[in-house]
Amino acid sequence: MRAPSAVVIATMSILYEHAAAYNSLFIGHSFFRPIAEKMPALASAAGLNHSQAIVFSGGASGAPLALWNSDSMRDEIKAILDWGNITLFGMTFDRTAEGCELWLNYSLSKNPNLNTFMIGLPWLDYPTEYDTDSYTSVVRNAAQTNWTDFLEELRGKYPNVTIIDNPYGLSVVELRILQSAGSVPDVTAMTGLAATSLFTDYKGHGGDILKDTASLVWLDRIYHVGCGDPAIAALFTGYMTDVCSVAASLLGAYDAGSVCGSSACYTAPPRPPTSPPTAPLPPLPPPPPLNVESCLAALDELVAPWITEETCLDIAAAEQSALYDAVCSAQFVRDQCKMPSEGQARECGHALLGACPTWGNTDQCYACAQGNAAALANDCTRSLVVDACRQLNSYELRDSLELTAGSPPAAPWSAPPLLSPSPPPFFADAGNGAMLGIIIGGTIAALLLGGAAVYFLVRLFV
């Protein structure tokens, strides 16, 4: 059993004598990693000697502070930083600057040539919960308030380093406005297949045109290179939508202090594709029947441990491609998520009920767990206790523990969205080590304060 969705990906581009570029480390989640993965090919096309490593953890656990608080993730990232040769360190926007500061302090102490950092502003998740105007308003308002305040605070504390602001999430708003107006002919649906949709699922993972447009924003912010380079422009001629101009228009407005209000920054019409049109996609074969054994093994490897349905579904959404390959069905995954995973999660659940047999809400659960930290330390991690306390009361937890794995086979995997809606995790993953303490009621109260901008910050961790 492993930590949730943790992988390290390292790539090296071709060496060009005339190019100077970064030896990079990028850490983040599933609205960050797919864009980072495009950088080696783009940098190579631009003649840049770019190398990189990526450390990924799904959902809220990919935010800087959550990665620092996770024992396994922190050790993995530190092992890369400890080589001492990183010259660009990129991470995703967090609800506070604390996590970024921890990583800046550590990385600067280990890497003498590191003086450039990048903070990426991702797009808002669960896009179908908003109409286009609301989605645009929430993201762009946050980009002009919380985002700028965050950058100002961080730059004020680190005046001797360069902090690149990478507002790539604004490209998603731009595409959505254009798509709503019928100006993105490459996209036939907001959610669906990656080749023809902005998003691939209810969570809001990006389709091809979204990731390609966002990657142009990355390339511009990091290397000041764009489609003015013919080699870069040639990579995107297959689109009827001029994604090069879409990215350039929003960045031109952003650098001038504007996010274009409620309108699109890009106003030119679509262009005809200069690359030969691709052949129509062949009909998809029907999915294979559910394989209970392989699906349970995949859930154990990719998703476990979990106690609540919300946590399970959130991680499963990020791992849906691998679960499909493991011959899971959407309904079977939902059924399994209704009960705690086998092993550590159940041991922790029983230990919590033994120490705290009766509680009626989350605050009471935390208070009791805090008082019984020593008794719980052998069976629980801090993140599992936080997860268990999301249950409405001790009776709900007890009922869920009475369920057993291996629900009857369900219908085969269906088309996206693959998983039923689930709220984003309220608390970041606190790591896999022994429980060092429980989040207290004051933190909970602070997180509950604020309006739509704060709500947006919480939901940015995707």
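The following legends describe close-up views of a predicted model.

**Figure 1. Overall composition of the predicted chain.** The secondary structure comprises 22 helices and 8 strands. Of the 462 residues in the chain, 54% are buried. Among contacts between residues at least 6 apart in sequence, 80% join residues at least 24 apart.

**Figure 2. Packing of helix α6 with helix α7.** Helix α6 spans residues 132-144 and helix α7 spans residues 146-157. Their axes come within 3 Å and cross at roughly 25°. Since angles under 35 degrees count as roughly parallel, α6 and α7 are therefore roughly parallel to each other. On the α6 side, the meeting residues are Ala-142, Ala-143 and Gln-144; on the α7 side, they are Asn-146, Trp-147 and Thr-148. Sorted by class, this contact holds 3 nonpolar and 3 polar residues, with no charged residues.

Figure 3. Strand β2 covers residues 23-28 and contains Ser-24. The relative accessible area of Ser-24 is 1%, so this residue is buried.

Figure 4. Phe-26 and Phe-32 are both buried. The pair of Phe-31 and Trp-123 is stacked, with 4.4 Å from centre to centre and 15° between the planes. Phe-31 belongs to the loop between β2 and α1 (33-36), and Trp-123 to the loop between β5 (116-120) and α6, so this pair ties together parts that are 92 residues apart in sequence. Phe-31 counts as buried because its relative accessibility is 0%; Trp-123 counts as buried because its relative accessibility is 1%. One aromatic cluster is formed by Phe-26, Phe-31, Phe-32, Trp-123, Tyr-168 and Trp-218.

**Figure 5. Arginine residues over aromatic rings.** Arg-33 places its charged end over the ring of Phe-56, at 4.3 Å from the ring centre. In a further arrangement, Arg-176 lies over the face of Tyr-135, and the distance to the ring centre is 4.9 Å.

**Figure 6. Helix α15 and the helices against which it packs.** Helix α15 consists of residues 330-337 and is mostly covered, with 7 of its 8 residues buried. These buried residues are Ala-330, Phe-332, Val-333, Arg-334, Asp-335, Gln-336 and Cys-337. They pack against α12 (292-302), α13 (309-318) and α14 (320-325).

**Figure 7. Ala-194 in the loop between β7 and β8.** The loop that holds Ala-194 lies between β7 (189-191) and β8 (197-199). Ala-194 has a relative accessibility of 29% and therefore counts as partly exposed. From C-alpha to C-alpha, Ala-194 and Gly-206 are 7.3 Å apart in space, while in sequence they are 12 residues apart. With neighbours within four places in sequence left aside, the contacts of Ala-194 are Thr-200, Gly-207 and Asp-208.

**Figure 8. Backbone geometry in loops.** The peptide bond from Ala-304 to Pro-305 is cis, and its omega is near 0°. Pro-305 is placed in the loop between α12 and α13. In the loop between α11 (243-255) and α12 lies Cys-260; although Cys-260 is not a glycine, its phi is positive, at about 70°. Val-327, in the loop between α14 and α15, is another residue other than glycine with a positive phi, here near 60°.

Key. Residues are numbered from 1 along each chain as its sequence is written. This is a predicted model: local features need pLDDT of at least 70, side-chain atom pairs count only at pLDDT 80 or more; totals for chains, interfaces and linings use all residues. Side-chain values use heavy atoms; hydrogens and water are left out. Axes are lines fitted to C-alpha atoms, for helices over the stretch in contact, and angles run from 0 to 180 degrees between N-to-C directions. Helices (H or I, at least four residues) and strands (E, at least two) are DSSP runs, numbered from the N terminus. Angles under 35 degrees count as roughly parallel, over 145 as roughly antiparallel, 65 to 115 as roughly perpendicular and the rest as oblique. Contact means heavy atoms within 4.5 Å. Ala, Val, Leu, Ile, Met, Phe, Trp, Tyr, Cys and Pro count as nonpolar, Asp, Glu, Lys and Arg as charged, and the others, Gly among them, as polar. Buried means under 20% relative accessible area, exposed over 50%, partly exposed in between (1.4 Å probe, protein chains only). Rings of Phe, Tyr and Trp (its six-membered ring) pair if their centres lie within 6.5 Å; planes under 30 degrees apart count as stacked, over 60 as edge-to-face and the rest as tilted. A charge sits over a ring if NZ of Lys or CZ of Arg is within 6 Å of the ring centre and within 35 degrees of the ring normal.
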